[in-house]
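Q: Please take a close look at one part of this predicted model and explain, step by step, how it is placed among its surroundings.

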Amino acid sequence: MPLFFLHIDDGTQKIEDEEGSEHPDLEAAREEALGSARQLWAAAILKQQDIGARRFVIVSGNGDIADTVEMDDALPRSLLDRLKMQSRP
Amino acid sequence: MTFNNRLLRALPPADQNVLRPHLRWSELERGTVLVSPDEPITHVWFPESGLSSIIAMAGNDQGIEVGLAGRDGLIGMPLLLDADRTPHRIFMQVTGVGYNIDGDLFRTVLDEHAGIRKLLLRYVQAYSTQTTYTALSNAMHTVEERLARWLLMSHDRQDDDEIPLTHDFLALMLGVRRPSVTIALHSLEGLGFIKATRGLIVVRKREELEEFAGAGYGVPEAEYERLIGQLR
């Protein structure tokens with residue numbers, strides 16, 4: 001199975017995934033990033049932290065950026081829409 | 001032969017001599033499965049070094065660590081409790097060495113030597129305290145606090161400060177996805193408690209790590225020392 005690295009980037013600092021993990025394809029690696037993002041949101045909400053600025057940068061085994069997953073992509077669509085409405089002036 | 005295993009070491013010399021002829025030296029490579037779910041347990045192991053994980057299974061290939069045993073304990077506890085198998089899976093997650101004894105012989109020795117049985121039953125009490133605090137920690141603590149606790153428990157069971165573990169293993173230990181481990185390690189590293197490089201975690205500030213781990217760490221360790229003796 002191909003190796004993917006799920007680096008985390010919040011614009012100011014990058015947390016490297018040094019080991020990587022094997023997934024059948026990019027879609028599976030994206031699913032892992034989305035599931036991880038939900039887990040990170042759950043922990044962040046308990047600590048009253050906003051981690052919306054973070055994103056997963058999925059890098060394939062040969063070092064190419066294969067995709068990015070925003071933390072917000074992991075939230076339920078209806079919640080995201082409500083948040084966007086509330087943030088309008 | 002001086003034992004590094006804390007249980008064997010805690011036995012009086014006469015009881016050590018009872019066990020000694022039955023003990024076989026055993027290499028315990030990382031990944032070695034010592035106990036498989038619902039299969040008869042054939043041996044009991046007394047690790048001298050390394051770490052084993054006791055995993056509660058959720059289906060065939062998923063699970064979470066519910067217990068940890070290294071030189072502090074033994075593997076194959078059901079045989080001590082008049083059971084021949086367990087739903088748990090037990091494997092080595094850090095390479096070590098140890099002694100094993102045939103399961104039937106072990107039971108015969110226990111039947112004939114109440115002192116050995118008593119000491120090992122006290123270990124069961126200490127171990128069960130450890131698992132209850134794992135439950136407490138899983139329910140009440142953040143991933144960072146649980147990771148700190150786990151690193152301390154691991155550190156207790158070895159001589160040096162370098163813990164050879166991958167993020168994958170830690171994710172299984174803590175029941176979280178790998179990126180949660182990566183971030184938690186990054187946080188502890190940011191606080192200066194540890195240094196994490198690929199596959200290796202170095203404990204830098206043990207006392208601070210203990211303070212950070214909070215209520216999850218300390219009670220089971222004190223219980224072990226009360227019942228058995230020195231843990232570290």
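A: Domain 1 of chain B covers residues 6-135, and domain 2 of chain B covers residues 142-217. Where these domains touch, twelve residues come from domain 1 of chain B and eleven residues from domain 2 of chain B. On the side of domain 1 of chain B that touches domain 2 of chain B, strand 4, strand 5 and strand 6 of chain B each supply at least two residues, and the largest share, three residues, comes from strand 5 of chain B. Sorted by class, that side of domain 1 of chain B holds five nonpolar, four polar and three charged residues.

With that setting in mind, we can turn to helix 6 of chain B, which runs over residues 167-174. The buried residues of helix 6 of chain B are B:His167, B:Phe169, B:Leu170, B:Met173 and B:Leu174. Looking down the axis of helix 6 of chain B, one finds these buried residues within an arc of 155°, so they line one face of the helix. Their packing partners are strand 4 (51-57), strand 5 (63-69), strand 6 (89-94), helix 5 (143-156) and helix 7 of chain B. After helix 6 of chain B comes B:Gly175, whose phi is positive, near 65°.

As for A:Ile58, when its neighbours within four places in sequence are left aside, its contacts include A:Phe4, A:Leu6, A:Ala29 and A:Val69.

Finally, helix 6 of chain B has a part in the meeting of the two chains. The contact takes 14 residues from chain B and 13 residues from chain A. On the side of chain B that touches chain A, the elements giving two or more residues are helix 6 and helix 7 (178-190) of chain B, and helix 7 of chain B provides the largest share, six residues. By class, this side of chain B has four nonpolar, six polar and four charged residues.

Technical notes: Residues numbered from 1 in each chain as written. Chains lettered and ligands numbered in written order. Predicted model: local features only at pLDDT ≥ 70, side-chain atom pairs only at ≥ 80, totals over all residues. Contact = placed C-beta atoms within 7 Å. Helix = DSSP H or I, 4+ residues; strand = E, 2+ residues; numbered from the N terminus. Nonpolar A, V, L, I, M, F, W, Y, C, P; charged D, E, K, R; others polar. Buried ≥ 20, exposed ≤ 12 C-beta atoms within 10 Å, placed from the backbone. Arc of directions from axis to C-beta. Domains from an automatic or database assignment.
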